[in-house]
There are 2 protein chains.
Amino acid sequence: MRSATIKDVAERAGVSLKTVSRVINNEPSVHARTREKVQREIDALGYQPDPSARSLRSTRAYAIGLVYDNPNAHYVINLQRGVLAACRSSGFGLQIHPCDSSSPKLAEELRELVHRSRLAGLVLAPPMSEQPALIGALSQAQVPFIRIISARKDPQDGHPCVYVDDRDAAYAITEHLIQLGHQRIGFLWGGREHRSSLERYQGYEDALKDYGITLDRKLIVPGDYTFDDGFRGARKLLALKERPSAIFGSNDEIAAGVLAAAHSDGINVPYELSIAGFEDSPFSKQSWPALTTARQATEDIARHAAQRLIGDLQREANGEPPVTRNEGFSPELVVRGSTAPRNTAPSGRGGRRKSAT
Amino acid sequence: MRSATIKDVAERAGVSLKTVSRVINNEPSVHARTREKVQREIDALGYQPDPSARSLRSTRAYAIGLVYDNPNAHYVINLQRGVLAACRSSGFGLQIHPCDSSSPKLAEELRELVHRSRLAGLVLAPPMSEQPALIGALSQAQVPFIRIISARKDPQDGHPCVYVDDRDAAYAITEHLIQLGHQRIGFLWGGREHRSSLERYQGYEDALKDYGITLDRKLIVPGDYTFDDGFRGARKLLALKERPSAIFGSNDEIAAGVLAAAHSDGINVPYELSIAGFEDSPFSKQSWPALTTARQATEDIARHAAQRLIGDLQREANGEPPVTRNEGFSPELVVRGSTAPRNTAPSGRGGRRKSAT
């Protein structure tokens, strides 16, 4: 039996030679059903493409990379889900690359990753997406990428991104606490290498200012986006002579730490202490009481970012110009049981330890 | 200026032509430092390898795939971390492929994934790793893989795996509860498509039997490895006329649901109800009270699995036989605040709602 040719495959699949070639070269432009049909015939005929006839283009694996540095499992899984959704609808694979955002060799590491794994481009999560030196180096090395960043508006800095307005959502959370009657509101920072930390702090500060509440530096504690820092920060705030009646943790992990610190101190949440987080993680729905938070549509944001990257890659392949307008997202306030009006402890409960304000 | 040749690169990097060729072809056998050195010279000289001279072998992206179907973010992140650790130390990339384990086209989907993304092999998590038909189909298609499965001993079935003895750990948890004086111990199942569910149930049943406690079917509730099923299952158990004094949830997510159900019913944990989970998730350390559980070294297990797969791939490339002995792991009991001796409510607390046993 003579060995099968590309022509045999095309005839049996009822498609053009070009389409078979596209399937063999894993080009993403082929419809999934067509790809399956052609692949079936390739398998049935035992057709082996001649490797020397394949172009350099064909050595691409049609995968993109997702680069992140975040201890928050739910955030990372949602990032991955969003990027995967975009990858799947366009035939790309997804390589994941958790990294050390503080590494001085990160640009080199990512360039090598793209080269070695033949990635078509990268989705950069914060804080890497917010490091100008890294962005400059990747741009210089002509590595296609999209950034997910924290910003109030489109930065229009010449590099593609999707941006999330953290300040706006943090303002809404702080305003919610103020409207419940809270004046002494503690704030626990996230990691300074994330621009979202500054933005969330800014939302807190702006809301206090707009409502004429004087900022008390003692109520503001630095830290990282972790449970442990939430626990430690809350202990510090709860030990103050003038205790806060509400604490806003910069993310849900921090708020979870605050909740644990309150529990371990026998403080009734929300009647003696209101707690708010940021993210809308599964924990925020499952904790007791459930957490007031800001719903950050991480999966959606990541999907949009990956779609934009893949779209730009395809536009470039077709000789079309890339998109220039960047997309923005705004997390929304979600009110749950962990926040309540100030000083509303039911009689016989919580009277023991009252806020001193 | 004439274009640079592979010989120029080799001379400037001080290595053999073969080594440069290995770097160009992304073969994993090159030392990271050598790879960097060669890459630097390739970049400096602007050397472009001739694509037609590259072998079929060189079209491999040297990535492996991780296949899972699990709603538990922490479990998945730990799987990924373990596999990534093995990938990095051997120069492989990692593509992730969450899938629908109940899809009838899964074998085809994975075969296509391996082909399209040119993956060197797959790490299969449960429940895919425990589906004989899928394993048979992948084996037939000559897709290299390693399985992570739940089993008491090495299955010696001709397919490589690492196995986790869930029964043994579930026995230890149940025994711990019995030794605290509990006789009516509720059991909440995980998803039946996971062999770990059956194994954990078996550990529960075996421990009761060994301690002469009669099995009460009303205390056993089917469900999935989710918070919601834990909540629902606990509500069912807590509504029984003869309520259990302890509940063993098949994983930490289920136990988190039990904890929430107890909280919402005003039941004091652990004094009125002991709760145990399985996994040692971050939640189990952060909840109030922290959960007694079994520490499942998911990251370690996944790393060993990936190392074995990559090792076998390299052994095969060198014409050596694959490893035949499979490695086993046993989760260990971790006792925390959610379990306590039966009927030890401090006076004035918890007396209101006592277990009816």
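**What the labels rest on**

Author: Helices (H or I, at least four residues) and strands (E, at least two) are DSSP runs, numbered from the N terminus. Axes are lines fitted to C-alpha atoms, for helices over the stretch in contact, and angles run from 0 to 180 degrees between N-to-C directions. This is a predicted model, where local features need pLDDT of at least 70, side-chain atom pairs count only at pLDDT 80 or more, and totals for chains, interfaces and linings use all residues. Residues are numbered from 1 along each chain as its sequence is written, chains are lettered from A and ligands numbered from 1 in the order in which they are written, and side-chain values use heavy atoms, with hydrogens and water left out.

Reader: Why is α1(B) called roughly perpendicular to α2(B)?

Author: The axes of helix α1 (residues 6-13) of chain B and helix α2 (residues 17-24) of chain B cross at roughly 110° and come within 9 Å. Angles under 35 degrees count as roughly parallel, over 145 as roughly antiparallel, 65 to 115 as roughly perpendicular and the rest as oblique. So α1(B) is roughly perpendicular to α2(B).

Reader: Which residues of α1(B) and α2(B) meet?

Author: Ile6(B), Lys7(B), Val9(B) and Ala10(B) of α1(B) meet Leu17(B), Val20(B), Ser21(B) and Ile24(B) of α2(B); contact means heavy atoms within 4.5 Å. Sorted by type, there are six nonpolar, one polar and one charged. Ala, Val, Leu, Ile, Met, Phe, Trp, Tyr, Cys and Pro count as nonpolar, Asp, Glu, Lys and Arg as charged, and the others, Gly among them, as polar.

Reader: How do you know that Asp206(A) forms a salt bridge with Arg167(A)?

Author: The closest N and O atoms of Asp206(A) and Arg167(A) are 2.5 Å apart. A salt bridge is a side-chain nitrogen of Lys or Arg within 4 Å of a carboxyl oxygen of Asp or Glu, so the pair qualifies. Asp206(A) sits in helix α8 (residues 195-210) of chain A and Arg167(A) in helix α7 (residues 166-179) of chain A, so the bridge ties together parts 39 residues apart in sequence. Over all chains, the count by this rule comes to 39 salt bridges.

Reader: Is Asp206(A) buried or exposed?

Author: Buried, at 17% relative accessibility. Buried means under 20% relative accessible area, exposed over 50%, partly exposed in between (1.4 Å probe, protein chains only). Arg167(A), at 18%, counts as buried too.

Reader: And what about Lys218(A), buried or exposed?

Author: Lys218(A) is exposed, with a relative accessible area of 56%. Its salt-bridge partner is Asp216(A), with the closest N and O atoms 3.7 Å apart. Asp216(A) is buried, at 19%.

Reader: What makes Glu332(A) partly exposed?

Author: Its relative accessibility is 46%, so Glu332(A) counts as partly exposed. Glu332(A) forms a salt bridge with Arg295(A), the closest N and O atoms being 3.8 Å apart. Arg295(A) is partly exposed as well, at 35%. Salt bridges that share partners join Asp280(A), Lys285(A), Arg295(A), Glu332(A) and Arg336(A) into one network.

Reader: Why is strand β1 of chain B called mostly covered?

Author: Six of the six residues of β1 (residues 63-68) of chain B are buried. Ala63(B), Gly65(B) and Val67(B) point one way, and Ile64(B), Leu66(B) and Tyr68(B) the other. In a regular strand the side chains alternate between the two faces of the sheet.
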